[in-house]
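The following exercises concern a predicted model.

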Amino acid sequence: MRWLLILVSFVVALGAAHAQGDLATYVGADREQRLLAGAKKEGELSLYTSAQADDIGAVAKAFEAKYGIKVQMWRAGSEKVMQRAITEARGGRYTVDVIETNGPEMEALSREKILLAVKSPHHADLIPAALRPHGEWVGTRLNVYALAYNTRQVKKEELPKSYADLTNPRWKGRLGIEAEDQDWLAGVLAQMGEEKGLQVFRDMVKANGISVRRGHTLLTQLVVSGEVPLALTVYNYKAEQLKNQGAPIDWFVIGRAPARANGAGVARRAPHPHAALLFYDFEIGEEGQRILAKRDFVPANRKIETPLNKVPLEVVDPKMLLDANDKWTKLFEELFLKQR
């Protein structure tokens with residue numbers, strides 16, 4: 001009897017997973033209506049995210065207003081989001097519907113078999129860098145790395161034209177960087193050449209030092225306060241937000257701006273599958289993407305125009321970042337965290 005119950009439970013779970021997979025890949029004209037009908041019965045969804053609460057909260061609020069489906073949101077850093085999702089899945093606790101965080105962490109969740117392959121009619125509107133071959137998560141926006149400066153402490157004519165210009169003694173004690181920007185380093189060195197680029201940054205740090213801070217929002221705020229007159233790695237959307245609020249900050253890029261996709265995926269064992277897929281479609285569709293663009297994000301949807309995606313980009317492959325994480329972490333630490 002015990003083994004029979006286990007077998008029945010397995011068959012039921014397998015059937016539910018198969019049905020959920022069929023739902024995720026359905027792209028008929030009535031997709032939204034079908035998802036909404038099921039979501040109304042489910043009534044809510046659970047979202048794990050590393051986005052700022054105000055930013056993703058604006059998308060969630062608009063989704064709730066349109067569909068009447070409540071979004072229960074839990075926010076933490078990208079690594080904690082990933083760890084919680086993995087820990088719960090391994091423990092057989094299925095509470096999350098949609099996971100939304102950085103590209104490498106999303107790729108790791110895909111490898112853990114936590115995410116569901118989804119086909120959406122909105123995929124056709126996304127930039128190629130937003131789409132993954134396995135279809136288990138999709139880029140919703142790009143985090144574009146830019147240099148930012150305090151406009152009261154740095155003159156526009158002083159701005160460096162190349163990273164080599166930052167070896168000039170005028171930048172001594174004036175530079176800052178975020179503590180975990182290995183993906184930025186990978187994107188920059190892809191353009192400069194690894195050997196040449198590493199030497200430039202070694203010379204820069206040796207000549208002028210660099211202040212290492214944890215958190216992109218904090219680093220951007222320190223540029224505003226003047227504590228870090230020039231930061232190498234801020235997200236251009238955050239600098240643009242503060243600039244539009246009247247803060248003494250502006251941003252620029254050198255060469256192609258390194259960029260990393262932030263993404264969203266539906267949990268394979270989502271307790272509210274209809275609501276999860278409805279939210280997934282909403283965030284990458286025009287409505288959700290316009291909300292992100294209004295908050296100065298760089299949307300993944302090509303239909304949304306914004307000045308922030310007009311700069312030339314070097315989009316870093318999240319699979320490469322995940323596979324070569326040890327290499328890039330070691331190089332970044334040697335350059336910026338182990339200063340002598």
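**Exercise 1. Describe how helix 3 and helix 10 pack in this predicted model.**

Solution. 
Step 1. Two packed helices are described by the angle between their axes and the distance between the axes.
Step 2. For helix 3 (residues 53-67) and helix 10 (residues 273-284), the axes come within 11 Å and cross at roughly 120°.
Step 3. The crossing of helix 3 and helix 10 is right-handed.
Step 4. On the side of helix 3, the residues in contact are I56, V59, A60, A62, F63, K66 and Y67; their partners in helix 10 are A275, L278, F279, F282 and E283. By class, this contact has 10 nonpolar, no polar and two charged residues.

**Exercise 2. Determine whether V98 is buried or exposed, and list what V98 touches.**

Solution. 
Step 1. V98 belongs to strand 3 (residues 98-102).
Step 2. The relative accessible area of V98 is 0%, and buried means under 20%, so V98 is buried.
Step 3. Leaving aside residues up to four places away in sequence, V98 touches L45, S46, L47, Y48, G265, A276 and F279.
Step 4. A264 lies 166 residues from V98 along the chain, yet the C-alpha atoms of the two are separated by 6.8 Å.

**Exercise 3. Classify A29 as buried or exposed, and locate A29 in the chain.**

Solution. 
Step 1. A29 sits in the loop between helix 1 (2-24) and helix 2 (31-42).
Step 2. Exposed means over 50%; because the relative accessibility of A29 is 87%, A29 counts as exposed.
Step 3. A29 and P121 are 92 residues apart in sequence, and their C-alpha atoms are 9.2 Å apart in space.

**Exercise 4. Characterise the largest pocket by volume, lining and residue class.**

Solution. 
Step 1. The space in the largest pocket is about 1,100 Å³.
Step 2. Its lining comprises 41 residues, and S78, N102, E105, E180 and R260 lie nearest the centre of the pocket.
Step 3. Elements that each supply at least two lining residues include helix 4 (78-90), helix 5 (103-111), strand 4 (138-150) and strand 9 (257-266). Helix 13 gives the most, with six residues.
Step 4. By class, the lining of the largest pocket divides into 15 nonpolar, 13 polar and 13 charged residues.

**Exercise 5. Which residues line the largest cavity, and how do they divide by class?**

Solution. 
Step 1. The structure holds one cavity of 30 Å³ or more, and about 40 Å³ of space lies in the largest cavity.
Step 2. The lining of the largest cavity consists of Y145, A146, L147, Y163, W184, L232, V253, I254, A257 and P258.
Step 3. The lining of the largest cavity divides into 10 nonpolar, no polar and no charged residues.

**Exercise 6. Identify the buried residues of helix 9 and the elements they pack against.**

Solution. 
Step 1. Helix 9 (residues 236-244) is mostly covered, with seven of its nine residues buried.
Step 2. The buried residues are N236, Y237, K238, A239, E240, Q241 and L242.
Step 3. These buried residues pack against helix 3, strand 4, helix 8, strand 7 (230-235), strand 8 (249-252) and strand 10 (298-299).
Step 4. Just after helix 9, G246 has a positive phi of about 95°.

Definitions and conventions: Residues numbered from 1 in each chain as written. Predicted model: local features only at pLDDT ≥ 70, side-chain atom pairs only at ≥ 80, totals over all residues. Heavy atoms only, no water. 1 Å grid on protein atoms, 1.4 Å probe; cavity = no way out; pocket = protein on both sides within 12 Å on 5 of 7 lines; lining within 4 Å. Points joined across faces, edges and corners; volume = space filled by probe spheres on them. Helix = DSSP H or I, 4+ residues; strand = E, 2+ residues; numbered from the N terminus. Nonpolar A, V, L, I, M, F, W, Y, C, P; charged D, E, K, R; others polar. Axes fitted to C-alpha atoms, helices over the stretch in contact; angles between N-to-C directions. Left-handed = near helix turned anticlockwise from the far one by under 90°. Contact = heavy atoms within 4.5 Å. Buried < 20%, exposed > 50% of the residue type's maximum accessible area, 1.4 Å probe, protein only.
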